[in-house]
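Subject: Structure handover

Hi,

Here is the structure I promised to pass on. Please open it beside this email and follow along.

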Amino acid sequence: METFEWVLVLLLAAAALAEFARRFGAPYPTMLALGGVGVGLIPGSPRWTLDPQLALTLFVAPVLLDAAYDTSLRDLRRQWKPVAGLVVAAVATTVVGVALVCRWLVPGTPWAVAICLGAIVAPPDAAAATAVMRQVGLPHRVLSVLEGESLLNDASALLVYRLALMAITTGPLGLSDYLPVFLLTVFGSIGAGIGVGFVIRPVVSAPRHVPTSLILQFVVTFGVWILAERVGLSGILTVVAFAMTMARDGGPKIPASMRVPILAVWETVVFILNALAFVLIGMQLRPIWERLGNGPGRVESVTVAVSVLVAVIATRFLWVMTYSAISKRQERGRPTGGRAKRTWGGSVVVSWAGMRGIVTLAAAFAIPETLPNGSAFPYRDLILLSAFSVVFGTLVIQGLTMKPIIRMLKLDEDDAVANEVRLGRAQMYQTLIDFIQDDDSLHAKLLRKEYQAIVDLNVGGDRFHPLNEVPGGPLIRSALAQARHKAIELRNLEIIGDQAFRVLIQELDWAELSAGGNAVK
């Protein structure tokens with residue numbers, strides 16, 4: 001009962017801190033982590049430590065699926081070079097930089113242990129970066145790069161982490177030992193996620209009862225992650241591939257009366273999980289600090305941890321700015337094809353958007369306390385302190401300074417999604433007009449005038465707010481079904497992107513509900 005009471009207290013505190021952050025424009029992950037430290041220092045507060053497998057499954061799987069489901073494949077393909085650079089090269093640069101710092105400050109550290117530490121602190125957190133980015137207007141290209149990176153960098157870092165642990169626990173390994181693990185982790189996970197997505201998609205779309213559908217979706221999400229991990233695949237890559245496969249269906253078979261509450265529940269659950277995760281991150285300080293004991297060793301450990309934090313921030317900045325300089329030189333004189341050009345301001349934002357989160361701490365706690373030969377895992381406590389230092393330090397330092405930096409750089413939102421929404425809206429409502437063109441009823445005449453006004457407003461470039469209530473009942477719902485198919489066609493032809501597509505589908509959903517769609521049960 002005491003645990004349950006503390007969970008309620010933490011949820012209430014998380015809600016209060018998140019509201020405080022929203023009102024004052026601060027990133028809520030930073031406020032929650034600071035609050036977690038405060039809770040951990042309260043006498044009598046619980047001394048919870050993260051169970052690594054539970055933390056990754058509970059906190060990462062649904063958040064990752066939610067982010068992957070909303071990711072635009074078109075934008076990801078367009079930005080594949082900078083995304084791949086961050087996922088592979090930036091992670092590798094961080095691993096090497098941290099390993100060198102660790103070896104320099106603690107010369108007795110084995111290379112495999114130093115690389116393991118580098119892999120643990122390498123991947124930025126998807127929830128932390130997104131929470132900050134969405135509070136300010138940023139160019140669409142910058143957002144696309146950061147969101148694409150957040151889906152995959154965990155997988156590349158954890159692959160290095162897994163290989164380093166293999167070397168520590170079993171001794172030096174050759175390429176023939178690493179290659180099967182690499183192939184299975186990357187290609188096996190992607191293939192499994194796509195395959196499961198095609199098989200599961202009809203099952204998930206079948207229920208017509210909101211609670212049943214929600215239970216099925218959450219069970220499938222956790223089930224895909226758990227099964228992937230059990231058979232040696234990457235849960236991250238499998239869930240990302242699975243979510244993107246599910247998303248391409250567009251959900252046309254699910255009525256609006258179900259889709260609207262389902263999306264609302266997912267948004268709420270993801271927020272709750274993020275809130276608990278960041279509070280728990282802050283609560284890890286006390287148990288980690290107590291493990292170090294007193295004496296000069298604690299000071300040396302803090303010095304190493306702070307140095308690792310500096311190395312993590314510096315190596316990302318070094319890679320992003322170097323890549324940006326090379327890319328700008330290569331693009332000089334080339335036609336842009338209508339795409340936004342790279343800017344130094346955007347590169348600085350990407351460099352600074354390196355907040356770490358739950359994956360880093362979970363990976364650190366997953367390190368075994370003893371090796372197969374019975375000896376203690378070398379420098380485990382130092383790794384735990386360094387991991388916490390990086391997570392908490394980046395959340396506070398980068399999280400609190402990100403918004404002022406963006407304002408100082410004067411990066412303006414390019415309104416790319418809004419422009420695509422207006423384009424898609426004009427074509428959708430023109431389809432509605434064409435569908436009821438031969439109907440001479442009073443409702444049809446009224447609707448043609450209303451829809452024509454919408455088309456004229458959007459073709460003229462004016463903003464138009466989503467529909468509220470419109471007359472027409474069955475006629476409207478039939479016409480809206482045609483518009484929904486048109487939106488899917490526009491998305492599939494890549495005339496509009498996935499973000500614009502989802503805005504339009506949500507708009508049609510609300511229009512369908514206001515026109516008397518099936519009531520939610």
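First, a definition: an angle of 65 to 115 degrees between two axes counts as roughly perpendicular. Keep in mind that this is a predicted model.

**Two crossing helices**

Start with helix α1, residues 2-24, and helix α12, residues 256-283. Their axes come within 10 Å and cross at roughly 100°. So α1 and α12 are roughly perpendicular to each other.

Which residues meet between α1 and α12? From α1, they are L10, L11, A14 and A18. From α12, they are F271, I272, A275, L276, V279 and M283. The residues of this contact divide into ten nonpolar, no polar and no charged.

**A patch on the surface**

Next, look at the surface. F4, L8, L11, F271 and I272 form a nonpolar patch there. Together they have about 410 Å² of accessible area. Both α1 and α12 give two or more residues to the patch. The largest share comes from α1, with three residues. L8 lies in this helix, α1.

**Salt bridges**

How many salt bridges are there? The count comes to eight. E19 and R23 are four residues apart in helix α1, so about one helical turn separates them.

Best wishes

Definitions and conventions. Residues numbered from 1 in each chain as written. Predicted model: local features only at pLDDT ≥ 70, side-chain atom pairs only at ≥ 80, totals over all residues. Heavy atoms only, no water. Axes fitted to C-alpha atoms, helices over the stretch in contact; angles between N-to-C directions. Parallel < 35°, antiparallel > 145°, perpendicular 65-115°, else oblique. Contact = heavy atoms within 4.5 Å. Nonpolar A, V, L, I, M, F, W, Y, C, P; charged D, E, K, R; others polar. Patch = residues over 30% accessible without salt bridge, like charges linked within 9 Å, V, L, I, M, F, W, Y side chains within 5 Å. Areas by Shrake-Rupley, 256 points an atom, 1.4 Å probe, with all protein chains shown as cover. Salt bridge = Lys/Arg side-chain N within 4 Å of Asp/Glu carboxyl O.
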